[in-house]
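Here are my notes on this one, for when you have the structure open. Please follow along in the viewer as you read.

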Amino acid sequence: EDPFVPKKEFLLFAAIGNRSSRAVSSWTQDLQRRNFDIVLYYYDSAFQAPKNCPVDLCVNMKGYKWPLLYHFLSSNRLTADSYQSVFAVDDDIIIDTLSINLMFHVFKTHGLVFAQPGLKKGGDLHFRHSQEWRANTEVRYMNFVENQAMVVHFPTALKLQMIMRHGFTGWGVDYCFFSIIDTNVTQIGTIMAVMAEHPISTDVTSASHAFKEGQKPALLSRGNLEEPEESLNREVGEQLIRDCGGTIFRPRVYFKIRPGENRLERIKIEMEKMRIEQLEAKAKAAKKKKEKLAAAAMELSRQTSNDNTAWQWSGQS
C-alpha cells in the first residue's frame, strides 16, 4: 500500500474497540472544522473498520495503543515536519472536536513538548494535577503528564518509537518518555483551557480478566490477546522503566498560566523563583550537613575525652 500522506497540521491517533463509540463520536462530531488528521486502529476482531473509512485512515490490527502507534509511524514515510504534534488518546477519553483544535493551538503556542488536556471531575482520575479546578487557568506547567491522553511534539514522538514498540499496555511508558527526552519545566503541562472526560469503566466481564494500567480500570480484551493480571501488567511496566533507565516519580505542578497572561513574562518570574528556591534548598542542605559534621565532631571529642579519663584511672590503679 502507498504510505499515508498527512493533510492537517496535527494528528489524533487512537486504538479503538467496541467500547469506543462515545469517545470516537466526540472526536469526530465536527469533522469539517478540525485542524487534525484522525488515524484509527481497530484492535477488536468483533469491531472491524468500516469499508468506507469515515476518517483519514482506518486499520484493522490487534494490539495496544503505543505499539500500534509505533506500527503507524514506522510503516509510513513520516518525518519530523509531517506534523506539529500527535494526540495519542485512549479509546474512552471523551473530548469534542473544537476542544481538540484548541488544545493543539495552546500546545503549539506555549511551545510544549508533552501535554494532556484537563480532566473533568467525576470521572476516573489518577493524579490530582489533571483534575478540573475552579481556578481560571490555561496551562499548568509541571514535570509529568499521563499517557492516557498525551500530546507529544511530533519530532519528539519519532525519537520515542522504540519505547512505543515495547510499551505493551502503556504502564510505565510515560516515565520512560520523560527519562529519555531532556525537557525543562516550561515544556510539560496540563492544558486546562480544555476539559476531557474519562468515564469510570464498567467493562469488567470477570474478576480474573480485570486488570489495571497502573491505577486504571479494567479494559476489554484486545481481540485474541490475553489480558495480563494487574501484577503482571505492573511487573512488565516496571521492567520497561528499568530498561529505559527511568524512575517512578511524584507529579508536581510548578506554576500556572492564566488566559491572557503574558506567558513569557510569567515564565521569567517563575523561573527566577525556582532558581531562588533551589539556592535556598542547597544552602539549607549545606547548613544541615555542617551541623551534622559538628555534632559528629563533638561526639568524637566526647568519646576521646572519656577514653583518656578511663586510661588515667587505669594508670592510677
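1. Start with Phe114: at a relative accessible area of 0%, this residue counts as buried (under 20%; exposed is over 50%, partly exposed in between, with a 1.4 Å probe and protein chains only). Phe177 is buried too, also at 0%. Bear in mind that this is a predicted model, where local features need pLDDT of at least 70, side-chain atom pairs count only at pLDDT 80 or more, and totals for chains, interfaces and linings use all residues. Numbering runs from 1 along each chain as its sequence is written, and side-chain values use heavy atoms, leaving out hydrogens and water.

2. How do the rings of Phe114 and Phe177 sit? Their centres are 6.2 Å apart and their planes at 20°, so they are stacked (ring centres within 6.5 Å make a pair; planes under 30 degrees count as stacked, over 60 as edge-to-face, the rest as tilted; for Trp the six-membered ring is used). Phe114 belongs to strand S5 and Phe177 to helix H6, 63 residues apart.

3. The whole structure has 13 aromatic pairs.

4. Helix H6 (173-180) lies across S5, S7 and S8, at about 20° to S7 (contact is heavy atoms within 4.5 Å; axes are fitted to C-alpha atoms, for helices over the stretch in contact, with angles from 0 to 180 degrees between N-to-C directions; helices, H or I, have at least four residues and strands, E, at least two, as DSSP runs numbered from the N terminus).

5. S5 and S7 run antiparallel, joined by two bridges (strands pair with at least two DSSP bridges). Ala115 stands opposite Val151 in S7.
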